[in-house]
Amino acid sequence: MRLSKSEINIIKRVACEVWGAKTMIYLFGSRTDDSKKGGDIDLFVDLQTEQDPKKIMLQKAEFLGKLDILMGEQKIDLLIRTHFNYYLPIIKTAQLNGVPL
C-alpha cells in the first residue's frame with residue numbers, strides 16, 4: 001500500500017470525524033499496488049445506514065476539505081456506497097479490491 005502511516009492515520013481520523021467511529025474506509029486502485037508509482041488516492045466508504053443524499057454530499061465535501069488542509073493538495077477520489085448506487089460496477093470493484101485502512 002503506497003500511503004504513509006501518517007496519511008493513513010489522517011484519513012481514518014477524518015473519516016471518523018465525519019461519519020462516526022465505526023466508519024470503515026478502504027483504499028483501492030493503483031495505490032494498493034506497491035510495484036506502481038504515482039496515481040491518485042482512491043478511497044471508498046461503505047455507509048451502513050441510509051442517509052439523505054444532500055447530507056452525503058455535504059459530508060463528502062467536508063471530508064475532502066479536511067484532507068486537503070491536513071495532507072496538502074493531492075488528487076483524491078472518494079466513492080461512497082449508498083442504497084442508491086450499490087449496484088454500480090465501480091462500487092463493486094472498490095468493495096472487492098479495497099484494502100481496509
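Modeller: The following account treats the salt bridges, and then turns briefly to the aromatic rings. This is a predicted model, in which local features need pLDDT of at least 70 and side-chain atom pairs count only at pLDDT 80 or more, while totals for chains, interfaces and linings use all residues. Residues are numbered from 1 along each chain as its sequence is written, and side-chain values use heavy atoms, with hydrogens and water left out.

A salt bridge is defined here as a side-chain nitrogen of Lys or Arg within 4 Å of a carboxyl oxygen of Asp or Glu. By this rule there are five salt bridges. One of them joins R13 to E17, with 3.7 Å between the closest N and O atoms. Both residues belong to helix α1 (residues 5-19), where they are four residues apart, about one turn of the helix. Helices are DSSP runs of H or I with at least four residues, strands are runs of E with at least two, and both are numbered from the N terminus.

For accessibility, buried means under 20% relative accessible area, exposed means over 50%, and partly exposed lies in between (1.4 Å probe, protein chains only). R13, with a relative accessible area of 43%, is partly exposed, and E17 is partly exposed at 45%.

Another salt bridge links E62 with K66, whose closest N and O atoms are 3.1 Å apart. E62 and K66 are separated by about one helical turn, because they stand four residues apart in helix α2 (residues 53-71). E62 is partly exposed at 35%, and K66 is partly exposed at 27%. The residues R13, E17, E62 and K66 are linked in a network of salt bridges.

The side chains of D77 and K75 also meet in a salt bridge, at 2.7 Å from N to O. Here D77 is partly exposed, with a relative accessible area of 28%, whereas K75 is exposed at 53%.

The aromatic rings complete the picture. Rings of Phe, Tyr and Trp (its six-membered ring) pair if their centres lie within 6.5 Å; planes under 30 degrees apart count as stacked, over 60 as edge-to-face and the rest as tilted. Three aromatic pairs are found in the whole structure. One of them is the tilted pair of Y26 and F44, at 5.9 Å centre to centre with 40° between the planes. Y26 lies in strand β1 (residues 25-28) and F44 in strand β2 (residues 41-46), so this pair ties together parts that are 18 residues apart in sequence. Y26 is partly exposed at 21% relative accessibility, whereas F44 is buried at 1%.
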